[in-house]
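Please read this briefing alongside the sequence and the coordinates.

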Amino acid sequence: PQFEQASLVIHRQWYTWRWPWPGLAGLLLSPSRGLLVFSPIVLVVLAARAAPRDRSILRWSAGAAAAQFLLYASYSVWWGGHTYGPRYLLDLLPALLPAAAIGTARLATARLPARMLAALALAWSIATGATGAFCYPHDQWNTDPVSVDRAHERLWEVRDSQILRCWARGGSPQNFALFEREAWRR
């Protein structure tokens, strides 16, 4: 209880759980936390059309992902504190794999415009993932000019989104330490 109360104070929230609509929108569309902003390739799950023998696994895995998504959306700190991108929704990806596999196979034989959209979504998803791997936390977006835990409106700022800030600030030196010769000798 004390940890939960401290978290509410830090994040300027009155309740741990709330109506999920703001969290649903934020988890999907926030310029600095939205899954569809950081990884639009997840939309391949919408292309999944399973044969009758495979529908059960799709229903169960989609149901599990939806339940978990609603739980995270109902959490008052849906943005996940100081992080890069949609931290909480990474947990949904294993449940979405069956639909993603079927959707990807279906898109592979789709018309050219659909394949091009999927390729663009994949390229953008890789670019934003690489940005997080090589630039975060050098961007200092979570704390500059004020903590995102205290100024929640920053989660919706388009002109100073976390992705753009990472690109502007460049690589984070500690993220490249593994590429140094000394790291491999140790």
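The structure is a predicted model. Its largest pocket has a volume of about 320 Å³, while the second largest pocket holds about 150 Å³ of space. A search of the whole structure finds four salt bridges.

**Largest pocket**
- Among the 15 residues that line the largest pocket, L28, L35, V42, V45 and L96 are the closest to its centre.
- Two or more lining residues come from each of the helices α3 (35–38) and α4 (55–74), and α4 gives the most, with five residues.
- By class, the lining of this pocket consists of 15 nonpolar residues, with no polar and no charged ones.

**Second largest pocket**
- The lining of the second largest pocket is made up of V45, L46, A48, R49, A50, R55, L58, S61, A62, A95, L96 and A99.

**S74 and its contacts**
- S74 has its place in helix α4, and it counts as buried because its relative accessibility is 16%, where the cut-off for buried is under 20%.
- Leaving aside residues up to four places away in sequence, S74 touches T16, W17, R18 and P20.

**Salt bridges around D144**
- The side chains of D144 and R165 meet in a salt bridge with an N to O distance of 3.6 Å; because D144 lies in the loop between α6 (112–135) and α7 (162–169) and R165 lies in helix α7, the pair ties together parts that are 21 residues apart in sequence.
- D144 also meets R169 in a salt bridge, at 3.3 Å from N to O; R169 lies in helix α7 and D144 in the loop between α6 and α7, so this pair ties together parts that are 25 residues apart in sequence.
- As for accessibility, D144 counts as partly exposed at 30%, R165 is buried with a relative accessible area of 8%, and R169 is partly exposed with 35%.
- A network of salt bridges links D144, D160, R165 and R169.

**Salt bridge between E157 and R159**
- E157 forms a salt bridge with R159, in which the closest N and O atoms are 3.5 Å apart.
- Within this pair, E157 counts as partly exposed at 27% relative accessibility, whereas R159 is exposed, with a relative accessible area of 74%.

Methods
Residues are numbered from 1 along each chain as its sequence is written. This is a predicted model: local features need pLDDT of at least 70, side-chain atom pairs count only at pLDDT 80 or more; totals for chains, interfaces and linings use all residues. Side-chain values use heavy atoms; hydrogens and water are left out. On a 1 Å grid over the protein atoms alone, a cavity is a set of points where a 1.4 Å probe fits but cannot get out, and a pocket is an open set with protein on both sides within 12 Å along at least five of seven lines; lining residues have an atom within 4 Å of a point. Grid points are joined across faces, edges and corners, and a volume is the space filled by probe spheres set on the points. Helices (H or I, at least four residues) and strands (E, at least two) are DSSP runs, numbered from the N terminus. Ala, Val, Leu, Ile, Met, Phe, Trp, Tyr, Cys and Pro count as nonpolar, Asp, Glu, Lys and Arg as charged, and the others, Gly among them, as polar. Buried means under 20% relative accessible area, exposed over 50%, partly exposed in between (1.4 Å probe, protein chains only). Contact means heavy atoms within 4.5 Å.
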